[in-house]
Amino acid sequence: MTPHRICDSRGQQFSGVSMDVFIGFHGHVLAAVQQLKRDGVVPQDASVDGISLTAPKDPTHGDLATNAAMVLAKPAKMAPRKLAERIVPLIASDPGIEKVEIAGPGFINLTLARAFWPSVLRMVLEQGDAYGRSAIGKGQAVNIEYVSANPTGPMHVGHCRGAVFGDALANLLAFAGYDVSREYYVNDAGAQVDVLARSAFLRYREALGEDIGDIPEGLYPGDYLKPVGEQLAANHKSSLLELTEEQWLPMVRATALKAMLGMIEEDLARLDIRHDVFFSELSLTEGGQDQVADTIAELRAKGLIYEGSLPPPKGKIDEEWEDREQLLFRATEFGDDQDRALVKSDGSYTYFASDIAYHRDKFRRSFKSMIDVWGADHSGHIKRMKSALAALTDNEADLDVKVCQLVRLFRSGEPVKMSKRAGTFVTLRDVVEEVGAGPVRFMMLYRKNDAPLDFDFAKVTEQSRDNPVFYVQYAHARACSVLKNVAERLPDLNLEGDKLAQADLDLLKDDAEIALIRRIAQFPRIVEGAAQAHEPHRLGFYLYDLSGDFHGLWNRGKDLPQLRFIYENDRELTRARIALVDVTKRVVALGLGILGVHAMHELH
RNA sequence: GGCCCCGUAGCUCAGUUGGAUAGAGCACCAGAUUCCUAAUCUGGGGGUCACAGGUUCGAAUCCUGUCGGGGUCACCA
């Protein structure tokens, strides 16, 4: 593929397929391999799956490198470098490729024609906000379940990371061409919501004028239940007092649940998080049906359910532990270290039992691909959940459980102490109000999900290079600033819309300029890689690097005025550089958009 | 004791799913520095990728074992 074909193809070549600017060259390498197969140099059945085409870290290795010769050396029974010599002439003829070299153990390094890089810019300008979008998802439906915090109170910081992670991952997958459904599993069936109801009932009595004293041990003490009590008092006057707990509890519970969910939705909205579906656990067993029982029956039919007793828990001695026969799922058949209980001693279903039914329901809603975002304390449950789902769906469903490790809060290096009992835990709302949604989101994503994360209130608002939030936002703001300045200083320079794409981009020759373009060209690959690995943090690190290249280029203009973006002595060159600035700005904004962070036009 | 995660520069962490001489930021050292509204900038030193085996053309990455740190371990959610 030549550079010209790349920039001339408007809808066709890039609609529906990867916008990776290197994809054409990859095809080229594969075509060369096909030729060698026809020539009998490489056996027909040799796999080409391992052949990659990547941008090497070291620029002296060219723009692109392929391992094709090394991968095929064994099936072809040839030394890698010998085989490389056969491949080289087959790709060297492409006019888009300036130089082909064999290096190291058998890498084939391609140096692209200098004119290729400006063509990348032109393409990005034409693609606009579609740049980097991918079709690898093929419209496949993906269900991503995240947050799912118990509806018994406001969200605290602990929920924050999973919430942001799940939301950004959902954005990312949507950007990569998946059909994403965002789901919240509402645990409205367990004992904790009865506790919620009793706590609300106490507040109801308080609202009626009764002195309730201290909140008893075992009930939720938070003030956030006072409005619920007042609402109950307004709706029912004192009538609930006449009823038995059995009678009032369902009513009070429903009112309290609705209030709690409303509060949680508000908290999430502060972080720009909105779910498509709130799935009620209670709904699994309501309305004359019992999906949990159905689920257990299905598993029983597969011979995976039995009555038995479990060995006592190891590690700590639990006084209340009693040996009893219970209904168990054969998780050990799937590599779990124990079979798992489905029914509690009081006869109700365990959380696990409901959760299986819930995942079965997702599958029945035709989601074959599911992602769950869990806190680290639930990691021990992954195996049993996967086991149960595999059993129920005959391995047709794919479940990826992403575990978010703990967030440790700091204030200028000092750990923030939190105690639920003392009521000193930091809520999600506190954090967002103090530092803003954007910084919270970015910091929560600037780490691998399975590594612990330190969150320092002072750090996220610091204006320096070691605060990535600021550094990336600053790149965007700086680009905006340059665009604004050029419009003022050179008002007759036509920079509107697609005029920018007509700038003579070949004038961009400086190494720092090319380096920035190379980074921009990586964007679609980063998106695809992050989407496939379910790792949004890669995007955050990419944006930091991209911002570094951009700031670096700006800094060079300090010493060398001829390298400044706005160079009044050369209007055409300025136009070309403005195109580069504009594209950089767009890519930063696109990347931030996927992370769910609003790109700022000015910083103060 | 079982299972899961982690172990990379003095510190905090990346590492394109197995690629070439392992990279950033902070800190440290040496220079430069009043600016296209904006974080000062440039360069430098610093590593047995916890350890030992294995897999192969090639391992920080995959497998096994050891050591160290964290989480979790009937019924709760």
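**Notebook: a predicted protein–RNA model**

I started at Gln231, which is partly exposed, with a relative accessible area of 37% (buried means under 20%, exposed over 50%, partly exposed in between, with a 1.4 Å probe and protein chains only). Two notes on conventions before I go on. This is a predicted model, where local features need pLDDT of at least 70 and side-chain atom pairs count only at pLDDT 80 or more, while totals for chains, interfaces and linings use all residues. Residues are numbered from 1 along each chain as its sequence is written, chains are lettered from A and ligands numbered from 1 in the order in which they are written, and side-chain values use heavy atoms, without hydrogens and water.

**Helices**

I placed Gln231 in helix α8, residues 226–236 (helices are DSSP runs of H or I with at least four residues, strands are runs of E with at least two, both numbered from the N terminus). I then checked Gln231 against Ala256: they are 25 residues apart along the chain, and their C-alpha atoms are separated by 9.5 Å.

Helix α9 covers residues 245–270, 26 residues in all, and reaches 36 Å from its first C-alpha to its last, close to the 38 Å expected at 1.5 Å a residue (the expected span is 1.5 Å times one less than the number of residues). After α9 I found Asp272 with a positive phi, near 60 degrees.

**RNA strand B**

Which residues come nearest to RNA strand B? Of the 62 around it, I noted Gln192, His378, His381, Tyr474 and Asn485 (a residue is near if one of its heavy atoms lies within 4 Å).

- A side-chain N or O atom of Arg489 is 3.0 Å from a sugar or linking oxygen of RNA strand B.
- A backbone N or O atom of Trp554 is 2.7 Å from a base nitrogen of RNA strand B.
- A side-chain N or O atom of Asn555 is 3.2 Å from a base nitrogen of RNA strand B.

Elements giving two or more residues to this surface include α7 (191–207) and α18 (537–559), but α16 gives the most, with eight residues.

**Sheet**

Last, I traced an open, antiparallel sheet of three strands in the order β8-β9-β10 (two strands pair if DSSP finds at least two bridges between them). The edge strands, β8 (305–308) and β10 (340–341), each pair on one side only. Two bridges join β9 (residues 326–329) to β10, and the partner of Leu328 in β10 is Ala341.

Terms used: Polar contact = N/O pair within 3.5 Å; in protein donor to acceptor, adjacent residues only side chain to side chain.
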